[in-house]
Amino acid sequence: LRGYHILNFGSDRPVKLIDFVRRVGKCLGKKAVLKKTAAVKADTKNTWASISKAKKLLGWRPVVGLDEGIQRTVEWYVQNRAFAARIKTG
């Protein structure tokens with residue numbers, strides 16, 4: 001492989017966005033506060049990763065389920081909060 005490739009790693013199984021938000025809240029031990037507003041064109045009802053390129057180039061397939069992935073991400077963030085706060089996102 002020459003140059004670089006952008007790969008998407010995640011689950012290729014669709015999850016309703018509202019279910020994802022609720023799962024994150026459950027992992028944090030908090031109930032998600034949901035505020036319904038009018039939909040906009042950029043809104044999505046479901047979310048999933050397109051992993052075909054990672055499969056093709058690397059033979060990669062997901063081995064961690066969504067709930068465990070959320071748990072691991074939350075644990076990493078809690079342990080690395082100071083580092084994460086320094087990351088510029090905008």
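Modeller: Happy to; let's begin with contacts. Contact means heavy atoms within 4.5 Å, and among contacts in the chain with a separation of 6 or more, residues 24 or more positions apart account for 81%.

Biologist: What should I know about the source?

Modeller: This is a predicted model, where local features need pLDDT of at least 70, side-chain atom pairs count only at pLDDT 80 or more, and totals for chains, interfaces and linings use all residues. Residues are numbered from 1 along each chain as its sequence is written, and side-chain values use heavy atoms, with hydrogens and water left out.

Biologist: In what order do the elements of the chain run from the N terminus on?

Modeller: Helices (H or I, at least four residues) and strands (E, at least two) are DSSP runs, numbered from the N terminus. The chain has four helices and two strands. Their order is β-α-β-α-α-α.

Biologist: How far apart in sequence are the parts that Phe 9 and Trp 60 tie together?

Modeller: Rings of Phe, Tyr and Trp (its six-membered ring) pair if their centres lie within 6.5 Å; planes under 30 degrees apart count as stacked, over 60 as edge-to-face and the rest as tilted. Phe 9 and Trp 60 are edge-to-face, with 5.0 Å centre to centre and 85° between the planes. Phe 9 lies in the segment before strand 1 (15-16) and Trp 60 in the loop between helix 2 (52-58) and helix 3 (66-79), so the parts they tie together are apart in sequence by 51 residues.
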